[in-house]
2 protein chains.
Amino acid sequence: MAENLTLEDIGRLAGVSRSTVSRVINGQANVNPSVRSRVQEVIQRTGYTPNVVARSLVSGRTGVIGLVIPSRVHSLFEDPYFSRLIQGISAASNRAGNTLSLFLFQNEEEESALYPRVVTSGVLDGLILTATRMADPLLARMAVGEIPLVIVGRPDVDGISYVDVDNHGGAMLAAGHLVDLGYQRIGIVSAPTSTTAGVDRLNGFVEGLALRGMPLHPDLRADGDFSEESGYQAMRRLIPHRPDAVFAASDTMAVGALWALQEAGLRVPHDVALMGFDGLPASEKSNPALTTVRQPVTDTGARAVQMLNDLVTGAATSPVVEVFPVELVVRESCGAMLASSRPRTD
Amino acid sequence: MAENLTLEDIGRLAGVSRSTVSRVINGQANVNPSVRSRVQEVIQRTGYTPNVVARSLVSGRTGVIGLVIPSRVHSLFEDPYFSRLIQGISAASNRAGNTLSLFLFQNEEEESALYPRVVTSGVLDGLILTATRMADPLLARMAVGEIPLVIVGRPDVDGISYVDVDNHGGAMLAAGHLVDLGYQRIGIVSAPTSTTAGVDRLNGFVEGLALRGMPLHPDLRADGDFSEESGYQAMRRLIPHRPDAVFAASDTMAVGALWALQEAGLRVPHDVALMGFDGLPASEKSNPALTTVRQPVTDTGARAVQMLNDLVTGAATSPVVEVFPVELVVRESCGAMLASSRPRTD
DNA sequence: CTGAAAGCGCTAACAC
DNA sequence: GTGTTAGCGCTTTCAG
């Protein structure tokens, strides 16, 4: 189990040169079978593992990809969405043979102090950036760098590779579902318009409503920040305006909104219908179970890793974009399961 | 902003040798001030950053530390506790100039396939392991390796460095609080005894009760697995036995337990008192706000990073241990704020 | 104070 | 098929 063995050591032990050992390790063709197996035996016996650092120095690649989550998103990081995204990215990264480094920047200073070091140090083959803000300063900086970059979530500038889900279409779906169910006073707890996801979900929802001749009344829009607490507060602001259905732009906010409704003695879906977005486990376990729009979080993360590796190897070139479809998940919170009778028309 | 510059390039630009440039970069003494500033100017102007990989090859250190979270803890990962721990470790790691790599193992196969590569590849200076299980196979493997290792949470074997919080003492505090408040039928929603934290909190609680001549009745113990759902289920099992106070071994489980209580029409703290453990934000925002035992999650993570770096540099040697104190946080859920009258004696 | 030279462990021509 | 050689970009003796 001793470490610190080198190619040279293995060579000596197997009676061959270091090049031959290198060849068998890298599975190259031109090696005599008997020599190959002898070398493999020694490697096996000694537990030798190639020194990745030395290998990187010559190959110019490290196999390390960075996941950066910029500052001011700490409430976001507490959103289970992020846990799942990180899990998805981690799993894909493991599968692809990458090592994942995590860069959580707590504030602007840390961001500007650390970022250059991170990107120019040569340790990273590429970067995945998530939770981008509109006009993200980090993104501006990154775009000029020569390190391969993939964004999770649509960035607000062109020419960058990204993977996203169809937020716009999903929100339209939500609007359509609520209108089809006969609701009249439909509101939204929106996500911050400082994020593209927030913008896309809001616009999609408005468009979905408009398509059915039902403009969104300004009183029936309250903005949240993706946190449960903000969903609660936003719903409290909405309640006085007597919505009969509300679309929350994230499941986490929907859960907060549900509290507010319950606190006000309003039953879901009987008095007010409620929808979420994300399809997180929490939406299923809430009471009543939330109707929501499910997005493939894990797939998104996996695709980002794959896309990045393609960029790194040159299998793909600069801006490649993929948008995953989303899916309406009808559960109890909108009354779709109830008889066709509408609970309340106000 | 061009990259790929080498020490040699900078040397040429500044009219000195690469050794001299290396000296100024590493802040060594023997450099003529004028030469030093000339070199610094060139570095500034070109935006040169040393190639970390090359540097690592000679120094034998990479500055990368790994955080490994073993398999079967996915529900755990959804616990906000983990998000906070990761944030704490990340922040400390940034501060210390380390790069943090994340290893989330999804299952045993991934664990055994990836782990050897991770630890012997030479990329990691050291490892932080968290969410260890009793008789953790990963830990057994790690102990034999020569890579510096720090555990977050008490391991069930000796001779390993770790940082923990006083789970035992905290649970005793909880028991004492409940007894002092006059409760008679005190129960526990425990954490899995396959974890040392679960064991320590359970034992501490039992001991705290026993100390006051009040053994824990077997009917009043239900086991959870740290998830909200499990807290809910455990409490449902407890309710028929009519506890008048329940200590949940984590805030997340306490929130689940709260649902079960509410669903059963029991008021907290009027009908049943409820306590948590962790001091997560969720405990404060629940209704009623949870009395809990706060542990310094961020400090724990920071100390783990520092301890690991000490081990790596040799500033400390093998088993160093630190246990942080915890603190009782009295809020509304146990009725401590109410008049001295006891709500119900059954 | 500064430069030349060796070498970290590996890969990749290039010979034989 | 296999060994020899030359680096990858850096740090570090060792001379001067």
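Author: The residues of the surface near DNA strand C split into 11 nonpolar, 12 polar and 2 charged. This is a predicted model, where local features need pLDDT of at least 70 and side-chain atom pairs pLDDT 80 or more, while totals for chains, interfaces and linings use all residues. Residues are numbered from 1 along each chain as its sequence is written, with chains lettered from A and ligands numbered from 1 in the order in which they are written.

Reader: What makes a residue count as nonpolar, polar or charged?

Author: Ala, Val, Leu, Ile, Met, Phe, Trp, Tyr, Cys and Pro are nonpolar, Asp, Glu, Lys and Arg are charged, and the others, Gly among them, are polar.

Reader: Which residues are closest to DNA strand C, and what makes a residue "near"?

Author: Near means that the C-beta atom, placed from the backbone, lies within 6 Å. Of the 25 residues that surround DNA strand C, the closest are T6(A), L7(A), N51(A), A54(A) and N32(B). The largest share, 5 residues, comes from α4(A); helices here are DSSP runs of H or I, at least four residues, and strands are runs of E, at least two, numbered from the N terminus.

Reader: Why are β6(B) and β7(B) called paired?

Author: Pairing takes at least two DSSP bridges between two strands. Strand β6 (residues 186-190) of chain B has 3 bridges to β7(B), so they pair, and they run parallel. I188(B) stands opposite R221(B) in β7(B).

Reader: What is the strand order in the open sheet of chain B, and which are its edge strands?

Author: The order is β7-β6-β8-β9, with parallel pairing. The edges are β7 (221-223) and β9 (273-275) of chain B, because each pairs on one side only.
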